[in-house]
Amino acid sequence: MFANTPVEKMFFAGRDIFLKRDDLLHPAFSGNKARKFAYFLAHEFAGIKKVIGHGSPQANSLYSLSALAKIKGWQCDFYVDHIASHILNHPSGNYAAAVENGANIIDLSRLGGRSSPNAGGRCQEYIEQQVLPYEPTALFIPEGGRCGYAEYGVSILAKEIVIWSKTNNISNLKVFLPSGTGTTALFLNQYFIREQTDIRVITCAAVGGDAYLRQQFSMLNSDISEHPQVVNVGKKYHFGKLYAELYTMWQRICASGVQFELLYDPLGFIVLEDYLQASDQGSVMYLHQGGLLGNDTMLPRYLRKFASDI
Ligand SMILES: Cc1ncc(COP(=O)(O)O)c(C=O)c1O
């Protein structure tokens, strides 16, 4: 259904790298989610009437789940720990687009009376214990699409990269991408190893630290020899917070003429720049995973905070 996104050249940190334009896959499924949710799009789910997810009210996955539900004719229930009042008063980006698609966004902090969880991370537990037993016709997708189903679509992406590298006679390709749950990086690297290719994945942790990321890999695959290489970010960045150097990097990479998103890509390119400077001249591909709708909320925040001094 979604296939073969183009590979372009990009000049970065003094050298040419390849850019896999997965952002061009489908407007409703930021590249990352199109791959992770491909299984659900390609298969029939008899008896399923609803999809249930959870995460941040600004998450790319909220919008993509709402789009999936719309295509499938399912209801979409998305649980969040909390919705900030400015989001409710001025809906934008992924949140607004999901509401437009008919998603039912449930704020657990407002569910009085029931044992509502009040901290992140307990959302999944709440759904599993208090929601799913009463929803026999619902399909549950864990936060960010971190589940075995993602292997299906990510393997299609991996195969495209293998075919491209063979066609272009590129050996020892390194595929670089920033990770959240690590699902995409893990299933890509696993595919490259199991298919006995010389392609390997290098990633960095955009959410949590390296130990958290490795733990996420292990939840999907306990064989650490198949895990991607994790490059340390060097500084603690809180996911979703605003940092001048991330904004500056975002401006630099967007000057290439391609739009990038503001949560993962700037950090990815900061880490990639260090990596390129420390490594030999081998071929490197950056995976553009889409997510541009999130800029509708991130960019105004950056402009409010830094417009005067950047
Ligand atoms: C644009 C973008 N980049 C990167 C990621 C991280 O992907 P993963 O959770 O598979 O590590 C996501 C997932 O939310 C994303 O939307």
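Author: Start with the ligand and Lys-36: a polar side-chain atom of Lys-36 lies 2.9 Å from an oxygen atom of the ligand. Keep in mind that this is a predicted model.

Reader: ok. And how far is the side chain of Asn-60 from an oxygen atom of the ligand?
Author: An N or O atom in the Asn-60 side chain is 2.7 Å from a ligand oxygen. For Tyr-264, a polar side-chain atom lies 3.3 Å from an oxygen atom of the ligand.

Reader: How much of the ligand's accessible area does the protein cover?
Author: On its own the ligand has 390 Å² of accessible area, and the protein covers 95% of that.

Reader: New topic, sheets. In what order do the strands go in the open sheet of six?
Author: The order is β1-β2-β10-β7-β8-β9, with mixed pairing. β1 (7–12) and β9 (229–230) are the edge strands; each has a single partner, so one side of each has no neighbour in the sheet.

Reader: β7 again. How many bridges join it to β10?
Author: Three, and β7 and β10 (residues 284–288) run parallel. Val-175, for instance, has Met-285 in β10 as its bridge partner.

Reader: Which strands does helix α7 touch on that sheet?
Author: Helix α7 (residues 150–167) packs on the sheet and touches β1, β2 (15–21), β7 and β10. The direction of α7 makes about 140 degrees with that of β2.

Reader: What about the open sheet of four strands, what is its order?
Author: Its order is β5-β4-β3-β6, and the pairing is parallel.

Reader: Why is one side of β5 and of β6 left without a neighbour in the sheet?
Author: β5 (104–107) and β6 (138–140) stand at the edges with a single partner strand each, so one side of each goes without a neighbour in the sheet. Direction ignored, neighbouring strands in this sheet are turned by 25 degrees against each other on average.

Reader: What joins β4 to β5?
Author: Four bridges join β4 (residues 75–80) to β5, and the two run parallel. Phe-78 has Ile-105 in β5 as its bridge partner.

Reader: Last one: which strands does helix α6 touch?
Author: Helix α6 (residues 123–131) packs on this sheet, touching β3 (50–54), β4 and β6. The α6 direction makes about 145 degrees with that of β3.

Methods. Residues numbered from 1 in each chain as written. Predicted model: local features only at pLDDT ≥ 70, side-chain atom pairs only at ≥ 80, totals over all residues. Heavy atoms only, no water. Polar contact = N/O pair within 3.5 Å; in protein donor to acceptor, adjacent residues only side chain to side chain. Areas by Shrake-Rupley, 256 points an atom, 1.4 Å probe, with all protein chains shown as cover. Pairing = 2+ DSSP bridges. Contact = heavy atoms within 4.5 Å. Axes fitted to C-alpha atoms, helices over the stretch in contact; angles between N-to-C directions.
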